[in-house]
Amino acid sequence: MSQQSQQAQQIVNGYTKGAAAVGLVPVPVADALLISGIQLKMLQQIAHLYGEKLADSKRKAVFGSILAALAPLTLRNQLVSWLKVVPVAGQVVGLLGMSTFSAASTWAIGRVFIQHYEAGGTLLDFDPDKMKNHYLEQFELGQKVAKSQTTHSADYVGVKP
C-alpha cells in the first residue's frame, strides 16, 4: 500500500467515524443531508491528496452526481432513518441503524475512490456504473467497520446498543 493510499485511508477512517456519529442525529432527513456533506468533504480531501486540479464548483458537481448514482444501491437502508419518528424502540433502532448505514456508506465511497485513484483514474473518468459492484462489496465490509464505530459513537452520546 502506497503512502498516498495510506493517507487516503486515514481520511476515510476519520470521516467514517464522523458519519457514524452524525447517523445518531435524531431527526430524519437531517441526518441524510449531513451525511451527504460529510461524504462530499471526504471526496474533496481524497481528490486533493491525489492531485485533482478541478475547480471547486466542477468538483462539487461531479461528486454530487457520483453520490447520486451510488445512493440508490443502498436506498433501502436509508429507510431506517424514518424509524426515528417511532417513540422509544423505533428511535433506538433508527439511530443505531442509520449510524451503521452512514458509516458503511461513507467507508464504501471512500474505498471506491481510493481504488479508482490508485488505478490512475481521475474524477472526469469515474464511471459509477462500473464501480457499483465494488461499492457493494465495500459497503458490506464497511458494515463490519461501522459496527465498531456505531458502538463507540452510541456510547459517546449515551445510546446503548
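**Before starting**

The model is predicted, so local features need pLDDT of at least 70 and side-chain atom pairs count only at pLDDT 80 or more, while totals for chains, interfaces and linings use all residues. Residues are numbered from 1 along each chain as its sequence is written, and side-chain values use heavy atoms, with hydrogens and water left out.

**The whole chain**

Display the chain as a cartoon. It holds six helices and zero strands, where helices (H or I, at least four residues) and strands (E, at least two) are DSSP runs numbered from the N terminus. Along the sequence the pattern reads α-α-α-α-α-α. Of the 161 residues, 45% count as buried; buried means under 20% relative accessible area, exposed over 50%, and partly exposed in between (1.4 Å probe, protein chains only).

Select residues 3–22, which form helix α1. The end C-alpha atoms of α1 are 29 Å apart, in agreement with the 28 Å that its 20 residues should span at 1.5 Å a residue; the expected span is 1.5 Å times one less than the number of residues. Buried residues in α1 include Ala 8, Ile 11, Val 12 and Tyr 15.

Next select residues 30–49, helix α2. This helix also has 20 residues and reaches 29 Å from its first C-alpha to its last, close to the expected 28 Å. Among its buried residues are Ile 35, Ile 38, Met 42 and Ile 46. After α2 comes Gly 51, with a positive phi near 80 degrees.

Now show α1 and α2 together. How are they packed, by angle and by distance between axes? They pack at an angle of about 170 degrees, with their axes 10 Å apart; axes are lines fitted to C-alpha atoms, for helices over the stretch in contact, and angles run from 0 to 180 degrees between N-to-C directions.

Select Val 22, which lies in α1. Val 22 is buried because its relative accessible area is 17%. Leaving out residues up to four places away in sequence, Val 22 touches Asp 31, Leu 34, Ile 35 and Ile 38; contact means heavy atoms within 4.5 Å.

**The nonpolar core**

A nonpolar core is a set of buried Ala, Val, Leu, Ile, Met, Phe, Trp, Tyr and Cys residues joined through side-chain atoms within 4.5 Å. Select Met 42, Ile 46, Phe 113 and Tyr 117, which touch the most other members among the 33 residues of the largest such core. Two or more residues come from each of α1, α2, α3 (56–70), α5 (89–118) and α6 (128–157). The largest contribution, eleven residues, is from α5. Centre the view on Ile 46: apart from neighbours within four places in sequence, Ile 46 is in contact with Ile 11, Val 12, Gly 110 and Tyr 117.

Finally, select Asp 129 and Lys 132. They form a salt bridge, with the closest N and O atoms 3.2 Å apart; the term requires a side-chain nitrogen of Lys or Arg within 4 Å of a carboxyl oxygen of Asp or Glu. The structure holds one salt bridge. Both residues lie in helix α6, three residues apart, about one turn of the helix. Asp 129 counts as exposed because its relative accessibility is 54%, whereas Lys 132 is partly exposed at 27%.
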